[in-house]
Amino acid sequence: AINSKKLGFAAVVDEDRKLKGIVTDGDVRRGMLKNIDALDKLTPNDIINRNFISLSGNATVKDMMTVVK
């Protein structure tokens, strides 16, 4: 999902499709480097960014810029 859609991130959702966080390609890279000896045990929960900002689907770019200032 990160590379196929060229977004640079993937959304992580639970069984109810509730957004739990995001994982960027940088998060994956850093997670792999920090856990190089245990890659088979590394999961999205280990590298997920839970401190994300979300906006409603009808938010404008101006709304977004106000939030990320």
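This is a predicted model: local features need pLDDT of at least 70, side-chain atom pairs count only at pLDDT 80 or more; totals for chains, interfaces and linings use all residues.

Trainee: Let us begin with the helix. Which residues of helix α1 are buried?

Mentor: Helix α1 spans residues 25–34, and its buried residues are Gly26, Asp27 and Gly31. They lie on the same side of α1, because they cover an arc of only 130° around the axis. On the other side of α1, Arg29 and Leu33 are exposed.

Trainee: What covers the buried residues of α1?

Mentor: The cover includes strand β2, residues 19–24, and helix α2, residues 44–47.

Trainee: I turn now to charges. How many salt bridges are found in the whole structure?

Mentor: In general, side chains of opposite charge can pair when their charged atoms come close. Here a search of the whole structure finds two salt bridges. One of them joins the side chains of Asp27 and Arg30, whose closest N and O atoms are 3.0 Å apart. A polar contact of 3.0 Å also joins these side chains.

Trainee: How are Asp27 and Arg30 placed relative to each other in the helix?

Mentor: Asp27 and Arg30 are three residues apart in helix α1, so about one helical turn separates them.

Trainee: Is Asp27 buried or exposed?

Mentor: Asp27 has a relative accessible area of 15%, and because buried means under 20%, this residue counts as buried. When residues up to four places away in sequence are not counted, Asp27 touches Ile22, Ile47 and Asn49.

Trainee: Which side chains meet in the salt bridge of Lys20?

Mentor: The side chains of Lys20 and Asp14 meet, with an N to O distance of 3.7 Å. Lys20 is partly exposed, at a relative accessible area of 37%.

Trainee: Let us consider the loops. What is the phi of Arg17?

Mentor: Arg17 has a positive phi of about 65°, although this residue is not a glycine. Arg17 is found in the loop between β1, residues 9–13, and β2. At 69% relative accessibility, Arg17 counts as exposed.

Trainee: Where is Leu42 placed, and which residues is it in contact with, leaving aside neighbours within four places in sequence?

Mentor: Leu42 is in the loop between α1 and α2. With those neighbours left aside, Leu42 is in contact with Gly31, Met32, Asn35 and Ile47. Gly31 is also one of the buried residues of α1, and Ile47 is among the residues that Asp27 touches. Leu42 itself counts as partly exposed, at 21% relative accessibility. The C-alpha atoms of Leu42 and Gly21 are separated by 16 Å, and these residues are 21 places apart along the chain.

Trainee: Finally, which residues make the nonpolar surface patch?

Mentor: Ile53, Leu55, Val61, Met64, Met65, Val67 and Val68 make this patch of about 620 Å². Val61 lies in helix α3, which spans residues 61–68. At 59% relative accessibility, Val61 counts as exposed, because exposed means over 50%.

Conventions. Residues are numbered from 1 along each chain as its sequence is written. Side-chain values use heavy atoms; hydrogens and water are left out. Patches are made of residues with over 30% relative accessible area and no salt bridge: like charges are joined within 9 Å, nonpolar side chains (Val, Leu, Ile, Met, Phe, Trp, Tyr) within 5 Å. Accessible areas come from the Shrake-Rupley method with a 1.4 Å probe; for residues, only the protein chains shown count as cover. A salt bridge is a side-chain nitrogen of Lys or Arg within 4 Å of a carboxyl oxygen of Asp or Glu. Helices (H or I, at least four residues) and strands (E, at least two) are DSSP runs, numbered from the N terminus. Buried means under 20% relative accessible area, exposed over 50%, partly exposed in between (1.4 Å probe, protein chains only). The arc is that of the directions from the helix axis to the C-beta atoms. Contact means heavy atoms within 4.5 Å. A polar contact is a pair of N or O atoms within 3.5 Å; within protein, one must be able to donate a hydrogen and the other to accept it, and residues adjacent in sequence count only if both atoms are side-chain atoms.
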